[in-house]
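Here is a short briefing on one protein chain. Look over the sequence and the coordinates first, then read on.

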Amino acid sequence: MLYLSTRGHPDRKHFCDILLEGLAPDGGLYLPERWPELPPLDELRGLSYGEVATRVMWPFVDGDVDAEGRPVPGALDRESFESIVAEAYATFDTPDVCPVVPLGSTGGETGPDLHLLELFRGPTLAFKDVALQLVGRLFDHVLSARGERVCVLGATSGDTGSAAMHACADRDCVDIVILFPDGRTSEVQRRQMTTLGAANAHAVAVPGTFDDCQDLVKAAFADEAFRDEVHLSAVNSINWARVMAQVVYYVTAHLAVAPDGGPVSFVVPTGNFGNILAGWVAKRMGLPIERLVVASNRNDILTRFFSTGTMAITEVVPTTSPSMDIQVSSNLERLLFEVLGRDGVALAELMARFRADGSVSVPSEVLAELRSEFDCGRLDDESAAAVIRSVQQHTGLLVDPHTAVGIGVAEALAGAGVLTDPSVPVVCLATAHPAKFPDAVEAAVGVRPALPDALGDLFEREERVEHCPADLASVQALVRRAIAG
């Protein structure tokens, strides 16, 4: 398997190279040259999560050899990959890793069954752990084999930062610097980054929004001299390995809710589009997926895009679901590259217009192709709180506000005549533990969700946070200081 850039760069790269690079030299995102086929679902039934993960992901990793057939530096063999996968998912609090919980019906007695896919059973209580516990170990393996060290630079709206820092903490070959929007994460999200205590991990508060942080990261990567000087790498969802790992839980969820192998629909609360893109990739690989539903909060650039075909940046509004408080959804570029016929030049021109004007539209035929697979909806904070109350009253479960957005959109679409086929189960991705957003949950139901025992002393731990102005030179200076120790 070789990888190419969405912006048309001529070079093709091996997996272990794009794992470390994250962003392509032309500013594009990496995608595989072709989509491998999933193993037959019947062959995956009864396997452990780690075994399914190895079988689903291995085609993306396999084949890191040179023109003479010799492994390239850092290439993974199947046995090493299996071991890394098993080690990564041993950190979760259940052998199922991503269990599925039934919620009831989306549309009364005649509607399809609605299920929650619990993606928060890892060490930082958010879906980002599923990919990053693996990616951190892959980094260490490849870098150790090459005798190299990198500096991971990333931006977070809340969950990626803590998951990435935990995955990279105290690893021999990695420094990690995470930028987060000051005052725009939950306290639990912030403390999971600032109380880690690992000397190689740096949490950096930046004034502004997540998009401001993400722009700084992209600008740092675009400075080739700086990137080479400090050996920059990325673990944001711009890194293909993140998306690759997320494909797996669409497969395991499908196995859980559709034992006959029939179609399943998925509803995904999403801001940066990486989580739902993984579902689209699973569908490309042959997973029987009926509909993919984008669920947005008030920062609804994705819902507006899938409704109208126009991406238009507006002000980022703080909400109770801060991980979706985004107006520039980086992973949408990968989908647009595909629907534009993998035309890197056309995609680069479209993204340049978007950056220059703050708005861009796709042709009607492109929108029609997208609408053939995707639905969308949005939910405001008050409606999300009502969903949290309803779920608690009917099932006894507490859900976080991001998950509530997904459930609310699923219910709204069922009421509008979408997602109504009783033969097609609906799976909503539960992206975070309710205790990551205790204020929002308590305001909705009067109950403050408790942190798991492993994080019970989180609010007593000492915080260590650095502050940095929102300009590239300051960020670059901070990175240099961080890697100097």
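Is R461 buried, partly exposed or exposed? R461 counts as partly exposed, because its relative accessibility is 27%. The value comes from a predicted model, as does everything below. The protein comprises 19 helices and 15 strands.

**Overall build**

- The radius of gyration is 21 Å, which agrees with the value near 23 Å that a compact globule of 485 residues would have.
- The C-alpha trace spans about 60 × 50 × 50 Å along its principal axes.
- Buried residues account for 60% of the 485 residues.
- Take the contacts between residues at least 6 apart in sequence: 76% of them join residues at least 24 apart.

**The parallel open sheet**

- An open sheet is built from 5 strands, ordered β8-β5-β6-β7-β15, with parallel pairing.
- The edges belong to β8 (232-233) and β15 (466-467); each has a single partner strand, so one side of each lacks a neighbour in the sheet.
- β7 (residues 201-206) pairs with β15 over 2 bridges, in the parallel sense.
- Within that pairing, V204 stands opposite E466 of β15.
- Helix α8 (residues 210-222) packs on this sheet and touches β5 (150-155), β6, β7 and β8.
- The direction of α8 makes about 150° with that of β5.

**Strand β4 and its two partners**

- β4 (residues 113-118) is mostly covered, with 5 of its 6 residues buried.
- β3 (residues 100-105) runs antiparallel to β4, and 5 bridges join the two.
- V100 has L117 of β4 as its bridge partner.
- β14 (residues 426-430) runs parallel to β4, again joined by 5 bridges.
- L116 has C428 of β14 as its bridge partner.

**Helix α18**

- P438, A440, V441 and A444 are the buried residues named for α18 (residues 438-445).
- These residues lie on the same side of α18, because they cover an arc of only 165° around the axis.
- D439 and A443 are exposed on the other side of α18.
- G446 follows α18 and has a positive phi, near 80°.

- S186 sits in the loop between β6 (174-181) and α7 (187-194).
- S186 has a relative accessible area of 13%, so it is buried; the cut-off for buried is under 20%.
- Which residues does S186 contact, leaving aside its neighbours within four places in sequence? They are P322, K436 and F437.

**Salt bridges**

- The whole structure holds 30 salt bridges.
- R55 and E43 form one of them, at 3.0 Å from N to O.
- R55 belongs to helix α3 (residues 49-61) and E43 to helix α2 (residues 41-44), so this pair ties together parts 12 residues apart in sequence.
- Both ends are partly exposed: R55 has 29% relative accessibility, and E43 has 43%.
- E187 and R190 form another salt bridge, with their closest N and O atoms 3.8 Å apart.
- E187 and R190 both lie in α7, 3 residues apart, which is about one turn of the helix.
- E187 counts as partly exposed at 37% relative accessibility, and R190 counts as partly exposed at 24%.

Notes:
Residues numbered from 1 in each chain as written. Predicted model: local features only at pLDDT ≥ 70, side-chain atom pairs only at ≥ 80, totals over all residues. Heavy atoms only, no water. Helix = DSSP H or I, 4+ residues; strand = E, 2+ residues; numbered from the N terminus. Buried < 20%, exposed > 50% of the residue type's maximum accessible area, 1.4 Å probe, protein only. Contact = heavy atoms within 4.5 Å. Pairing = 2+ DSSP bridges. Axes fitted to C-alpha atoms, helices over the stretch in contact; angles between N-to-C directions. Arc of directions from axis to C-beta. Salt bridge = Lys/Arg side-chain N within 4 Å of Asp/Glu carboxyl O. Rg over C-alpha atoms; globule rule 2.2 N^0.38 Å.
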